[in-house]
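Trainee: I have a new model to read, and I would like to know what stands behind each label put on it.
Mentor: Then ask about the labels one at a time.

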Amino acid sequence: MAYEGCEVDNAMDVVVIGAGIAGLVAARALVRGGTEVAVLEARDRVGGRLLNGELPGGAPIEVGGQWVGPGQDHVLALIDELGLRTFPTHIAGRHIAEIGVARSEYRGRIPKLNPLALADVAQAQWRLDRLARRVAAAEPWRADHAEDLDAQTFATWLRRAAHTAGGRSFFQLITEAVFSAEPEDLSALWAAFYVGAAGGLDALINTAGGAQQDRVVGGSQTIALALAEELGDRVVLGAAVTDIEWEASGVRIVAGGTTVRARRAVIAVPPPLAARIRFTPGLPGDRDQLVQRMPMGRVIKINVVYDEPFWRRAGLSGQANSDQRPLGTVFDNTPLEGSPGVLVGFLEGRHADIGARLDLADRRAQVIDDLAGYFGPQARHPIAYIERDWAEEEFSRGCYGAFTTPGTLTRFGPALRTPVGPLHWAGTETATRWVGYMDGAAESGHRAAREIASALVRSRA
């Protein structure tokens, strides 16, 4: 990889902006097709929303996106091609659920809720999955009743679908865990599309058989690191793009002290960051209006490290959820080797808003209190505390992904993927399957590469 201040060939076929999975997959596919490519990355590292931290002793731990699961064919194929391996998330033992005022410990998939609440959750999920199947398409804005769905928040839809306090609390917790946002924040159409793009709510929230089933040996950032190694000095770090001048015949991109000219460009950064680039001429109004209405979710991800996974000896899996605690979702994040013990938890949506306003000591104390509430007094004695506030990341501004506010998809949805002259859009938010996940990012990179390969062939004809 090259570094800031390096001169880049001014006669590129394609420049890719962003060295997350989407950008790197697009670049790799284009290079394999014989296209000259440069990748410009604002950070001093690759991976985007994937990042490995370090445990005591030096072993890697994921502080960004980390899980893969069945049906995520693009990223699983990529992991295999790169010679990487996965291992299952630890789930043996009893899970903990605190919904309402009751605590339950359970095995399997379904927590022990009040029977009325459990029945309410089941019927509301059935309604959501049925709705999601109807809008699970590349163009959800064309679905039946799309305008009615897009005119309301997901909270409004849930108030009509769920009839008990326990049912509504469950779906608020699920919304925070899946979108790192509140049901009031996002369009009901986007929520249905997102669920449908994963194949249903169970696929999103389950561990075994679902999106949290497996982890990547060595941490998920190894995917991006392996892709970047393959691309070599085509990847330029420390190159934050500020300006893009474009016309039908090509682009001129300014990134600090580096200027790149190319025939086409892939913008593979989150929508709010794409909106901060100065385009000359300005982008079409629909595209600009779209990204103004796609905020990022907000999450603080926290790995708390112990000498050993003590909860396993107590017969607990390390998986816990609560609609009362700020740390509403917890998993066992212990490395494959079995030590040290790691619990990973998330402050999501409004809990991240509040948590970010605390100083580090107070935030840490709150997290440890929640873990002790779940797992007992031994949780009060960690050997390390590792957190990442993704809203503070200059070149992420949030996680897990962006979502659309009410009215956005039906008014401006076609601008989500449609190229603008020589400009092509990638990133997990532009996927048609597994939106918001690594798999969606990989899919979008392949799609952008196909668009460009076709356009270059046409231009040479």
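**Reading the labels**

Mentor: For a chain of 461 residues, a compact globule would have a radius of gyration near 23 Å, and this chain has 22 Å, which agrees. Keep in mind that the model is predicted.

Trainee: What box do the C-alpha atoms of the chain fill?
Mentor: Along the principal axes, the box is roughly 65 × 55 × 40 Å. The secondary structure comes to 16 helices and 20 strands.

Trainee: What share of the residues counts as buried?
Mentor: Of the 461 residues, 60% do. The label needs a relative accessible area under 20%. The accessible surface of the chain comes to about 18000 Å², and 50% of that belongs to carbon and sulfur atoms.

Trainee: What share of the contacts in the chain with a separation of 6 or more comes from residues 24 or more positions apart?
Mentor: Such residues account for 74% of those contacts.

Trainee: How many salt bridges does the structure hold?
Mentor: There are 25. Side chains of opposite charge can pair when their charged atoms come close.

Trainee: Why is the meeting of glutamate 230 and arginine 32 called a salt bridge?
Mentor: The cut-off from nitrogen to carboxyl oxygen is 4 Å. The side chains of glutamate 230 and arginine 32 meet at 3.2 Å, N to O, so the pair qualifies. Glutamate 230 lies in helix α9 (residues 221–231) and arginine 32 in helix α1 (residues 21–32), so the bridge ties together parts 198 residues apart in sequence.

Trainee: Are these two residues buried or exposed?
Mentor: Glutamate 230 has a relative accessible area of 36% and is partly exposed. Exposed means over 50%, and arginine 32, at 56%, counts as exposed.

Trainee: What makes arginine 43 and glutamate 393 a salt bridge?
Mentor: Their side chains meet at 3.9 Å, N to O, and the limit is 4 Å. Arginine 43 is in the loop between β2 (37–40) and β3 (52–54), and glutamate 393 is in the loop between β19 (384–389) and α15 (408–412), so parts 350 residues apart in sequence are tied together.

Trainee: How do you know whether arginine 43 and glutamate 393 are buried or exposed?
Mentor: Set each value against the 20% cut-off. Arginine 43 has 10% and is buried; glutamate 393 has 13% and counts as buried.

Trainee: Which residue does arginine 49 meet in a salt bridge?
Mentor: Glutamate 429, at 3.0 Å, N to O. Glutamate 429 lies in the loop between β20 (423–425) and α16 (438–460), and arginine 49 in the loop between β2 and β3, so this pair ties together parts 380 residues apart in sequence. Glutamate 429 is buried at 2% relative accessible area, and arginine 49 is buried at 17%.

Trainee: Which residues are linked in a network of salt bridges?
Mentor: Arg94, Glu98, Arg103, Glu105, Arg325 and Asp370 are.

Trainee: Why is glutamate 36 called partly exposed?
Mentor: The label covers values between the 20% and 50% cut-offs. Glutamate 36 has 43% relative accessibility, so it counts as partly exposed. Glutamate 36 lies in the loop between α1 and β2. Not counting residues up to four places away in sequence, glutamate 36 touches Met12, Asp13 and Val14.

Key: Residues numbered from 1 in each chain as written. Predicted model: local features only at pLDDT ≥ 70, side-chain atom pairs only at ≥ 80, totals over all residues. Heavy atoms only, no water. Helix = DSSP H or I, 4+ residues; strand = E, 2+ residues; numbered from the N terminus. Buried < 20%, exposed > 50% of the residue type's maximum accessible area, 1.4 Å probe, protein only. Contact = heavy atoms within 4.5 Å. Rg over C-alpha atoms; globule rule 2.2 N^0.38 Å. Areas by Shrake-Rupley, 256 points an atom, 1.4 Å probe, with all protein chains shown as cover.
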